[in-house]
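Please examine the sequence and the structure shown here. The report that follows describes the chain as a whole, then turns to selected parts.

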Amino acid sequence: MKLSNIISSLLTCCAVLAFDTGELQAQTIYRVVGPDGKVTFSDKPPPDAAKATATTASGKAIGTSENLLPYELRQVVNRYPVTLYSAVPCAPCNAGRLLLQGRGIPFTEYTVNTPDDTEALQRISGDDSLPFLTIGGQKIKGYSEDEWIQFLNAANYPAASLLPANYRSPPSKPLVSVQKPAAAPSPADAKTGTEAKTVASRPAPAPATNPSNPTGIKF
């Protein structure tokens, strides 16, 4: 066989291999959790997309807000989760929300709009002033841009947003959710209209410290 033919054959094989490798890397694998908790993997989208997490062939998860966070940001969020307590209307609450969103800080937001919400807020923060922000175990009452930035910096949150373009913040929810009794109420409950009330729990404070913190804030 001529040398030119050998070289041509080798180039063809390399091209086919490169194409197959690229196709494998781009392939999407779906992680499906069944009703019994059994996990299976498939290259076909499941009927119920809400129960599946899409991953690449290398195993990197995609398709959910939590999994879309970059590794560096995800580590900070896990150690020092951010929670905002707000109300409508509330101009300082809006300013604080815009600060978090503009900096790309993932956060959970609870609204305080009812007497039950206000009572729950007083148990959590000590008073009923809004906005109220928690970063890990730190509690920050009221809105001060400089103070919020200092605490976010001390927790090692990135100064500029690292969120991917397709990230979507979770919607806000009431601090106290009212749930009707599942079972038939007793005559006494029926007369008083008893309802079960659930107060959203705050994330447990993180005991770790940040030795590089220039502000001296301890978490």
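Among contacts in the protein chain with a separation of 6 or more, 60% join residues 24 or more positions apart; contact means heavy atoms within 4.5 Å. The model is predicted: local features need pLDDT of at least 70, side-chain atom pairs count only at pLDDT 80 or more, and totals for chains, interfaces and linings use all residues. Residues are numbered from 1 along each chain as its sequence is written, and side-chain values use heavy atoms, with hydrogens and water left out.

The following table gives values for the whole chain.

| Property of the protein chain | Value |
|---|---|
| Helices (DSSP H or I, at least four residues) | seven helices |
| Strands (DSSP E, at least two residues) | 11 strands |
| Buried share (under 20% relative accessible area, 1.4 Å probe, protein chains only) | 29% of 219 residues |

Helix α3 spans residues 71-79, and its residues L73, V76 and V77 are buried. These three lie on the same side of α3, because they cover an arc of only 100° around the axis, taken from the directions from the helix axis to the C-beta atoms. Y71 and N78, on the other side of α3, are exposed, that is, over 50% relative accessible area.

Helix α4, residues 91-103, contains R97. R97 counts as buried because its relative accessibility is 16%. Its side chain makes a polar contact of 2.9 Å with that of N94; such a contact is a pair of N or O atoms within 3.5 Å, and within protein one must be able to donate a hydrogen and the other to accept it, while residues adjacent in sequence count only if both atoms are side-chain atoms. Leaving aside residues up to four places away in sequence, R97 touches L84, S86, F107 and E109.
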